[in-house]
Amino acid sequence: MLGVLNGPAAIEPPGGLAAGLLERAERGIVRRGKILTWATSVGGAEGAPSLFDDLTAWECSDSSFHLEDFVPVEVATVNGAPVIAEDDQRTLLLHSVAFALKFCRLVYALDPPSPVRCIIGANETNATFRFHAIRPGEHRNATDLDSYRCEKVVVVDVEPTNG
């Protein structure tokens, strides 16, 4: 759907990355104790995971945002529910992959850098971006991405070396 096999230019969002996503990336990420979060997050990292199963769930909840809030796409309302057309879902995914590539720089800027997973999902009602530190035994996505039937899912793992 994204044409990633055609090279990086094929996945460049039309008109470049949405301004709101650029601003979001400028916020940066920080390590607070055992968790990673947006630098501007007001989430209370103390006592994480609190209501969540594990630290990964906490991070995913805290870092998640809706891409359609930042990318100019049409979100229709049908019977009181949002509907995003397939072409607009593709646009959201293009912006989210471009955003994930910018996000990689934030991961490399951590001291020390550590592995981080970005999870992007788009469907007919919304699109989300979230991230978490990669931890053994903790996952927030199916390992077989083809198993998602009602959602398009992209996972970007950023695994910097410490040297």
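Visitor: Which elements are included in what covers the buried residues of α2?

Guide: In this predicted model, helix α2 spans residues 55-63 and is mostly covered, since seven of its nine residues are buried. Those buried residues are L55, T56, A57, W58, E59, C60 and S63. What covers them includes a helix and several strands, namely α1 (19-26), β2 (35-38), β3 (65-66) and β7 (127-133).

Visitor: In the hairpin of β1 and β2, which residue takes a positive phi?

Guide: Strand β1, residues 29-32, pairs with β2 in the antiparallel sense over four bridges, and R31 stands opposite L36 in β2. The hairpin has two residues between the strands, and the residue that takes a positive phi, near 65°, is G33.

Visitor: How many residues apart in sequence are the parts that the salt bridge of E59 and R135 ties together?

Guide: The side chains of E59 and R135 meet in a salt bridge at 2.7 Å, N to O.

Visitor: Are E59 and R135 buried or exposed?

Guide: E59 belongs to helix α2, where seven of nine residues are buried, and E59 is itself listed among those seven. For the salt bridge with R135, the description that holds for both residues is buried.

Visitor: How does K152 count at 23% relative accessibility, buried or partly exposed?

Guide: K152 forms a salt bridge with E86, the closest N and O atoms being 3.5 Å apart. E86 lies in helix α3 (residues 86-109) and K152 in strand β8, so the pair ties together parts that are 66 residues apart in sequence. E86, at 45% relative accessibility, counts as partly exposed. Buried would require under 20% relative accessible area, so K152 at 23% counts as partly exposed.

Visitor: What is the relative accessible area of R117?

Guide: R117 forms a salt bridge with D157, with 2.6 Å between the closest N and O atoms. The pair links distant parts of the chain, R117 being in strand β6 (residues 116-122) and D157 in strand β8, 40 residues apart. D157 is partly exposed, with a relative accessible area of 36%, whereas R117 is buried, with a value of 10%.

Visitor: Which element gives the largest share of the largest nonpolar core?

Guide: This core has 32 residues, of which W38, F99, F103, F129 and F131 touch the most other members. The elements that give two or more residues to it are α1, β2, α3, β6, β7 and β8. The largest share is nine residues, and it comes from α3.

Visitor: What is the centre to centre value for the aromatic pair of W38 and F99?

Guide: The structure holds 11 aromatic pairs. W38 and F99 form one that is tilted, with 45° between the planes. W38 lies in strand β2 and F99 in helix α3, so the pair ties together parts that are 61 residues apart in sequence. Both W38 and F99 are buried, and their centre to centre value is 6.4 Å.

Visitor: In which strand does F131, the partner of F103, lie?

Guide: F103 and F131 form a tilted aromatic pair, 4.8 Å centre to centre and with 45° between the planes. F103 counts as buried at 0% relative accessibility, and F131 is buried with a relative accessible area of 0%. The pair links distant parts of the chain, 28 residues apart, with F103 in helix α3 and F131 in strand β7.

Conventions
Residues are numbered from 1 along each chain as its sequence is written. This is a predicted model: local features need pLDDT of at least 70, side-chain atom pairs count only at pLDDT 80 or more; totals for chains, interfaces and linings use all residues. Side-chain values use heavy atoms; hydrogens and water are left out. Buried means under 20% relative accessible area, exposed over 50%, partly exposed in between (1.4 Å probe, protein chains only). Contact means heavy atoms within 4.5 Å. A salt bridge is a side-chain nitrogen of Lys or Arg within 4 Å of a carboxyl oxygen of Asp or Glu. A nonpolar core is a set of buried Ala, Val, Leu, Ile, Met, Phe, Trp, Tyr and Cys residues joined through side-chain atoms within 4.5 Å. Two strands pair if DSSP finds at least two bridges between them. Rings of Phe, Tyr and Trp (its six-membered ring) pair if their centres lie within 6.5 Å; planes under 30 degrees apart count as stacked, over 60 as edge-to-face and the rest as tilted.
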